[in-house]
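Me: I'm new to this one. Can you walk me through a few details? Let's start with the rings.

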Amino acid sequence: MQRSSYDTAAALLPLVGGPGNVTSVAHCMTRLRLGIAAPERVDAEAVRAVPGVLGVVTDGDTLQVVIGPGAVVAVTAEFEKLLDAAATAHRGPDDDRPGDFGSGAPLPDGPAPDGLRAPKGRGELREQPRRTRTRGRRPDHDAADLAADLAARGAELKAAHARRNATPVKTALRRIADVFVPLIPALIGCGVLAGLGGLLVNAGWLPWLTPALAAVASGFMALISVFVGYNTAKVFGGTPVLGGAVAAVVVYPGVAKVTAFGVALAPGQGGVLGALAAALLAVGVEKWCRGRVPDALDVLLTPTVTVLVAGLATLYGLMYAAGLISSAIGTAANWLLATTGPLAGLVLGGLFLPLVMLGLHQALIPIHTTLIQQQGYTVLLPLLAMAGAGQVGAALAVYARLRHDTQLRTTIRSALPAGLLGVGEPLIYGVSLPLGRPFLTACAGGAAGGAFVGFFAVLGDRVGATAIGPSGWALFPLLTGNRGPALAAAIYAGGLLTGYAVGFLATYVGFSAAGVPGDPSPRRSG
């Protein structure tokens, strides 16, 4: 495992432009997220062809390498070690050779390939000069051309989406996501323990252990506002510990003695939204002080003024306002599902894939976290996860219809396990989005699965997730609801099956109606 992780990291570093082209390194549940100084020096197609890489998403000056849950942690650690080794080696310009980890010399130029095909032994698509001669049967040649055209269209679509995503609003959303993404492992771990503790309590087993499990599972959630404040200051250019100190005001028990707008405050009021706002204010105050306080007094005055001003503003304004917003979010989510469950599920499940492409899904992370903090679970994530089910169903239909396209079928076979676990990028950018119609039918499958789960919410059976990050089958250990985890898991499984079935049938029928491109088998008229 360690050797494989090192090999993957060592192969990636020169392909992203070398250490000098990497400005930041982080990871989420499935992706290695790299800040890139010069995006034009990144060979995205070569990165995609590295063994262990499931897909690549380029988004302005950020490169996201899809590696998969678990493996991404080990690869990130090895990647950071390579960067540290390069930083301490002090190599000269002559050492910046491909394979050496120097200051990141540009990749060698060469003729731009005009075609794409899947490399031997892998399902991911990479660039390679298209053959002009036909070897073997004509159907294989047609299938190769189709796979090449689809991959080229997928690359163009990704580049277009990256350009559209480079807007101030979406950049701000990405930075907010950077605040919460590092918290996901702790949310998952504590969520699994909370679910396990709930099962033990309901079964009456190990009564001596359940209080300890509850303490371990709840400790992080009790202090999550502090971590949000710390990360906010770090991401937005402030001193992390000052952001954490100001956010700690939100959860301090002594705030119960403070009255704001004629109402006594409650510890935790405003939750993560209040902590986020408090830390952002602290960053602004700190930067204002840094530019005005003399250097001799900076170490004394700047932290003091930052904590004082931001802390008082948090107590006498931000906690109250954020509390109103947090309560409104919880009330709205419950009302939405209780009154318009199938419609809400249809819309959320059907639109989530386009939201991901536009980068707008990142705005949902604080909402998920707020719901988890308030209610113990988020009712939105299981609905949104149905989009992945529709994607899997659509990919299976493409696999069934394009029987002679061996390269595209190889892509689907390699990407399908990740898709079942909620990692959908390889299927989206390698299959459904370039084909066009399967992307729409995948959204239809997601809408159907979401409507299924939403229907039970109207009946009073809510399904929620105790953490964010996993999707697909990987979400089962985190499922719970107002009537217990067993019923929640059954409803969620029904939603997945509905999404698979509708995504498959809509795609299969759509191909039958429009004709199957690249399939040399005889067509039936009508």
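Reply: A term to begin with. Rings of Phe, Tyr and Trp count as a pair if their centres lie within 6.5 Å. Also, this is a predicted model.

Me: OK. How many aromatic pairs does the structure hold?

Reply: There are 6 aromatic pairs. One of them joins Phe261 and Tyr320. Their centres are 4.8 Å apart, with 35 degrees between the planes. That pair is tilted.

Me: Where do Phe261 and Tyr320 lie?

Reply: Phe261 is in the loop between β7 (259-260) and β8 (263-264), and Tyr320 is in helix α11. The two parts are 59 residues apart in sequence, so the pair ties them together.

Me: Is Phe261 buried or exposed?

Reply: Phe261 counts as exposed because its relative accessibility is 58% and the cut-off for exposed is over 50%. Tyr320, at 25%, counts as partly exposed.

Me: What about Phe452 and Phe456, how are those rings set?

Reply: Their centres are 5.2 Å apart and the planes meet at 55 degrees, so this pair is tilted. Both residues sit in helix α17 (residues 437-458). They are 4 residues apart, about one turn of the helix.

Me: Why would residues four places apart point the same way?

Reply: An α-helix has 3.6 residues a turn, so residues three or four places apart point the same way.

Me: Which residues do ring pairs link into a cluster?

Reply: Phe452, Phe455 and Phe456. Phe452 is partly exposed at 28% relative accessibility. Phe456 is partly exposed too, at 23%.

Me: Switching to charges. Which ring does the charged end of Arg409 sit over?

Reply: The ring of Tyr399, 3.8 Å from its centre. Arg401 has its charged end over the ring of Tyr508, 4.7 Å from the centre.

Me: Now the surface. Which residues make the nonpolar patch?

Reply: Leu297, Val299, Leu300 and Leu301. The patch covers about 380 Å². Val299 belongs to helix α11 (residues 295-358). Val299 is exposed, with 69% relative accessible area.

Me: Last topic, α12. How many residues does it have?

Reply: Helix α12 has 12 residues, 364-375. From first C-alpha to last it reaches 16 Å, close to the 16 Å expected at 1.5 Å a residue.

Me: Which of its residues are buried?

Reply: Leu364, Ile365, Pro366, His368, Thr369, Thr370, Leu371 and Ile372.

Me: And what follows α12?

Reply: Gly376. The phi of Gly376 is positive, near 95 degrees.

Conventions:
Residues are numbered from 1 along each chain as its sequence is written. This is a predicted model: local features need pLDDT of at least 70, side-chain atom pairs count only at pLDDT 80 or more; totals for chains, interfaces and linings use all residues. Side-chain values use heavy atoms; hydrogens and water are left out. The expected span of a helix is 1.5 Å times one less than its number of residues. Buried means under 20% relative accessible area, exposed over 50%, partly exposed in between (1.4 Å probe, protein chains only). Patches are made of residues with over 30% relative accessible area and no salt bridge: like charges are joined within 9 Å, nonpolar side chains (Val, Leu, Ile, Met, Phe, Trp, Tyr) within 5 Å. Accessible areas come from the Shrake-Rupley method with a 1.4 Å probe; for residues, only the protein chains shown count as cover. A salt bridge is a side-chain nitrogen of Lys or Arg within 4 Å of a carboxyl oxygen of Asp or Glu. Rings of Phe, Tyr and Trp (its six-membered ring) pair if their centres lie within 6.5 Å; planes under 30 degrees apart count as stacked, over 60 as edge-to-face and the rest as tilted. A charge sits over a ring if NZ of Lys or CZ of Arg is within 6 Å of the ring centre and within 35 degrees of the ring normal.
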